[in-house]
Amino acid sequence: MDIFEKRFGQQHTRYIQDDTATVNCVIETAQQVNGHTEYLLRLERGYVKQYSWKILRRYNDFAELQKHLSISEIDLPFPGKKLFGNMRPDFIAERRKALQLYINTVLMNPILASSLPAKRFVDPDSYSQSFHDQAVQNALLCLRSEGLWSLGLTLGAIGWRLRKHYFKVTQKPPDTKSSSKSLVKSGSQTHAQIKQSSVTGADQLLDASASSELVLEWLEYGPDKYIDDKELGGILKSLVGLQHPNIEALHYAMHNENGCLVIRKFHKHGTLKDILCMATPKNPFLSKYGNPKGRMALSMKQVAVYGKQILEVLIFLHSKGYPYGHLHSGNIIIIDDCVKLLDIENYVLGVPSFYRPFFVQHGKIYKSEAIDVYCFGHILFEMAMGYPMQESIVRQITDCPEILKNLLESILSKEACKTGLPSLEQLLAHDFFKQYSPSEICTKPLNDESQKPHLKLSLNAKEAIKQAILKTENRLREEQKSVKNQKRIVRVQELMSSEEEKRKSKHKAKQEYKQSKLKQQGSLQNNNGRLALSAVGATGSVTESSEISPRSLNRMNSVITNNTSQDAMQDLKSPPPTPAAYQSSNEAETRQTIRHHTQQSINEMSPPGAASSVDRQSSSPNITSDEQVSAETEIERSALLESICKFNRGSLRKVRSND
C-alpha cells in the first residue's frame, strides 16, 4: 500500500516542462582545458531567476548544433573554424563574441528555438531522453488492450511540438471473440470508451480508413493539465462525438497517466501553413518552415471567408464552455473552401499555445476568449501577407486594404494590447467580412445523419473545464507579472547605464577642456617668448641660438612695458620737442633701455662664460651709416609695438628700474 501511495504522490509532484518558455543564454567566460577552449554558458528559462543553470560547451558542440540546424536553410552567423592561432587570447575573445551572436540568433527565432537540437544544446538535463521511444511505448500500451488498431511507421518530426509524435496507423478487421473478451474484462471508464469506439463505430472506421489515410498522434501532458483522469476520459468521449462542419472529427481517443492518443484523418494537401509556405506536409518541420522557398498570400475574399468561418466555430466552442486556445495556421486545414480546425483536444491536455511567448508579454491578454482573439489576429495577418509575424505586436501594415488594416490594428496594435481586445462577436460584425465574404458559409456536415453542430458535455465535465480555465489564467497572469517586473528591471538598468554614460562623457569633456586650455596657455607663452626674442634680436644684443626661459621673457616684457608707460607719462608732462629732436631722443632712449635690461636678464640666466662674451659684444663700438640707423630704428619700433600689443598681462609684476 505504501508503494502505491508513494507513486501517487510522485505523479502529482512531477514537474512538467513548458517547451514554449524562452531561454536566454550568456557566454560568461572562456577557459583553456587540456589543449582546448571551453565556454561557460549561463542560461535562464522564462523570466524567473530561480530557473537558471550553467553548462560548459566547446566550439565543436556549437558546430554540431549548426549541422543539425542547417536543414532549415536559415542564414546563421556561425563563425568559421581556424586551424592555427586558435589558442591566442585575442582570437578566443573574438570567437566568444561571435558565438554569443550566433546563439542569440538561434534562440530568438521561434522555429529554431523550438527544435529538439536547440533544446538539447541549452538544456541537456531536461531534453536528453528519447521522446520518440517513449511515444512508441505509450502508443503500444494504449492500443494493446483494444486490438482494433495496428501501429505503423513514424512520420518523423512534421510538427513543431517536441512531445508530439505522428505514426501511420491501420485498422484491423473486427474480431468478435477478442472484442467480447475485452468487454468482459473492461471495468474502468477508459475501457468503456474503448468499447463504444470499437463496437458502435467499427463499420464507419473501416470505411474511413479504406477511403483515406489515418494518422495516430501521441501527445504528452502539458503544464496546464488540471483535469483529473476520470473527468478527462469523459471529455475525450464527448470530443469523439463532436459534430461541426468546421472541426475535424476524431476517430479514436485514449489516454493514460503520461499523455493522450488520438486518431484522425490525414490530409495530403497539408495544413494552411503548408499552403502558405508551398511545402510538402510530410517533410520535417525545420525544412518546411525554416526558410521556405516560396510564399503565397491569399486573396481578400479567401481571407474574409476563412476568417468568418474561424470566428463562427470559436463562438460555438465558447458558447459550450470549451475554449480552443490553440489557433494557428498549422492547426487549420482547407477542404473545398471550408475551414476545419485540428487539435481540439489540446486545451484539456494542458499543453501550451504556439503564440504563448507573444501574448505572455501583454497583461491584458489572459482570458481564454482574448487569447483566441489575439491568435485570430495572427492568422489574419499571415493569410493576408503570406508570412507570419515575428513580434508580439504589429509595427506597420502595408500592402492591404484600409478596412483590413483597421481590423488588424484593433487586435495586434500596441494600443489594442494595452487597452483590451474586441470580442469574437464584435470581430464577426466588422465591415471587412461584410464587404469581402458572401452571405453563405460552409455548412457541409460531418455525416449524413445530422447537419447541426453538436457538443454535449456533462455538468461535471463543464465544472472541471471551468476550474481548469481559472487555474490556467492564474498561471498566465503570474507569468505576465514576472515579465512586467523583468521589463521594469531592464528599464532601470538601462537608465542607470545611460546616467553612468552621461557622467563618463561629462567627465571626459571636462578633461578635454582642461587639456585644450593648458595647450592654449602654452601656445600663448611660446608666442610671447618668440616676440620677445625677435625684439631682443633686432637690437643685436642676443644671438638666435641663445636659450631664454619663459620667466625671463615675461620679466623682459614687463620691463619694456613699464618703461614705455613711464616714457609716455614724461611726454605728457614736458612740452613736445621738435619732430627731429623728438625722434632722435626717443630712439636713443629706447635703444639704451632695451640694451640695458636685456643685458641684465641675459646675465641672470646665462653662465659666466656666456656673460663675458655678451659684454664684449655690447662694449664694441656701433658705427653705422644714416640708412642703417633708420632701418634698425624701424625694425626696433615694429618689434616694440608687437611686444606691447601682444604681451601677457597675467605675468606682469612690479620691477624697479635704475633709470
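K308 sits in helix α14, which spans residues 300–319. The model is predicted. K308 has 17% relative accessibility, so this lysine counts as buried, the cut-off being under 20%. Along the chain, K308 and K434 are 126 residues apart.

- S238 belongs to helix α11, made of residues 229–240.
- S238 counts as buried because its relative accessibility is 16%, and buried means under 20%.
- Which residues does S238 touch, leaving out those up to four places away in sequence? They are L455, K456 and L457.

**The whole chain**

- The chain has 659 residues, and 43% of them are buried.
- Its secondary structure comprises 26 helices and ten strands.
- Take the contacts between residues at least 6 apart in sequence. Of these, 70% join residues at least 24 apart.

**A three-stranded sheet**

- Three strands make an open sheet, in the order β1-β2-β3, with antiparallel pairing.
- Why is one side of β1 and of β3 left without a neighbour in the sheet? Both strands stand at the edges and each has a single partner strand, so one side of each has no neighbour there.
- From one strand to the next, the twist averages 25°.
- Strand β1 covers residues 23–33, and ten bridges join it to β2.
- In this pairing, I27 of the sheet stands opposite L41 in β2.
- β1 and β2 form a hairpin, with two residues between the strands.
- N34 lies in the turn of that hairpin and has a positive phi of about 55°.
- Strand β2 runs from residue 36 to residue 45. Is β2 mostly covered or mostly open? β2 is mostly covered, with eight of its ten residues buried.
- How many bridges join β2 to β3? There are seven, and these two strands run antiparallel.
- Strand β3 consists of residues 52–58. Its residue L56 stands opposite L40.

**Helices against the sheet**

- Helix α2, residues 59–69, lies across β1, β2 and β3.
- The direction of α2 is at about 95° to β3.
- Helix α3, residues 89–108, also packs on the sheet.
- α3 touches β1 and β2. Its direction makes about 155° with that of β1.

**The largest cavity**

- The structure holds five cavities of 30 Å³ or more.
- How much space lies in the largest cavity? The value is about 500 Å³.
- The lining of this largest cavity has 31 residues.
- Nearest its centre lie I158, Y166, T271, G330 and L342.
- Strands β5 (164–171), β6 (213–220) and β8 (259–266) each supply at least two residues of this lining.
- Helices α12 (272–277) and α13 (285–289) each supply at least two as well.
- By class, the lining of the largest cavity holds 13 nonpolar, eight polar and ten charged residues.

**The second largest cavity**

- The second largest cavity has a volume of about 180 Å³.
- Its lining is made of 17 residues.
- Which residues of this lining lie nearest the centre? They are D224, G325, Y347, I371 and T472.
- Helices α15 (346–349), α16 (356–359), α17 (368–385) and α22 (459–539) each give at least two residues to the lining of the second largest cavity.
- Which of the elements gives the most to this lining? That is α22, with three residues.
- Sorted by class, the lining of the second largest cavity has seven nonpolar, seven polar and three charged residues.

Methods
Residues are numbered from 1 along each chain as its sequence is written. This is a predicted model: local features need pLDDT of at least 70, side-chain atom pairs count only at pLDDT 80 or more; totals for chains, interfaces and linings use all residues. Side-chain values use heavy atoms; hydrogens and water are left out. Buried means under 20% relative accessible area, exposed over 50%, partly exposed in between (1.4 Å probe, protein chains only). Helices (H or I, at least four residues) and strands (E, at least two) are DSSP runs, numbered from the N terminus. Two strands pair if DSSP finds at least two bridges between them. Axes are lines fitted to C-alpha atoms, for helices over the stretch in contact, and angles run from 0 to 180 degrees between N-to-C directions. Contact means heavy atoms within 4.5 Å. On a 1 Å grid over the protein atoms alone, a cavity is a set of points where a 1.4 Å probe fits but cannot get out, and a pocket is an open set with protein on both sides within 12 Å along at least five of seven lines; lining residues have an atom within 4 Å of a point. Grid points are joined across faces, edges and corners, and a volume is the space filled by probe spheres set on the points. Ala, Val, Leu, Ile, Met, Phe, Trp, Tyr, Cys and Pro count as nonpolar, Asp, Glu, Lys and Arg as charged, and the others, Gly among them, as polar.
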